[in-house]
Amino acid sequence: DVWLSPAFTEWHVGEVIDYLRIPALVLQGKQDQYGTDAQVAEVETRSYAPVDVLMLDECRHAPHEDQPDAVLHACAEFAARLVRIEKEHVQIA
């Protein structure tokens with residue numbers, strides 16, 4: 001019922017994005033019936049941390065159902081890259 005309540009029209013996730021301090025992988029279907037490119041762009045511009053975006057063809061609101069292999073591959077590559085970065089020696093002055 002939350003999604004259908006009149007108060008929900010005022011809800012905005014933007015303020016939450018402002019607090020992201022970790023890398024993010026944004027996956028969205030190009031045919032998402034609920035999401036828009038503007039939402040993805042807002043994550044990219046508002047996040048202080050790096051953001052990777054994958055827009056999937058022939059995919060609606062549930063990428064893990066419509067494109068499971070692509071989602072699994074993207075998540076595995078994203079996680080592996082973060083592990084590689086974490087393992088690098090970083091000198092802090």
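Which side chain meets that of Arg-46 in a salt bridge at 2.7 Å, N to O? In this predicted model, local features need pLDDT of at least 70, side-chain atom pairs count only at pLDDT 80 or more, and totals for chains, interfaces and linings use all residues. Residues are numbered from 1 along each chain as its sequence is written, and side-chain values use heavy atoms, with hydrogens and water left out.

The partner is Asp-18. A salt bridge here is a side-chain nitrogen of Lys or Arg within 4 Å of a carboxyl oxygen of Asp or Glu, and the count comes to four. Arg-46 lies in helix H2 (residues 37–46) and Asp-18 in the loop between H1 and strand S1 (24–29), so the pair ties together parts 28 residues apart in sequence. Helices (H or I, at least four residues) and strands (E, at least two) are DSSP runs, numbered from the N terminus. Arg-46 also forms a salt bridge with Glu-42, with the closest N and O atoms 2.7 Å apart.

A further salt bridge joins the side chains of Arg-81 and Asp-52 (2.0 Å, N to O). Arg-81 belongs to helix H4 (residues 68–87) and Asp-52 to strand S2 (residues 51–56), so this pair links parts 29 residues apart in sequence. Through shared partners, salt bridges join Asp-18, Glu-42 and Arg-46 into one network.
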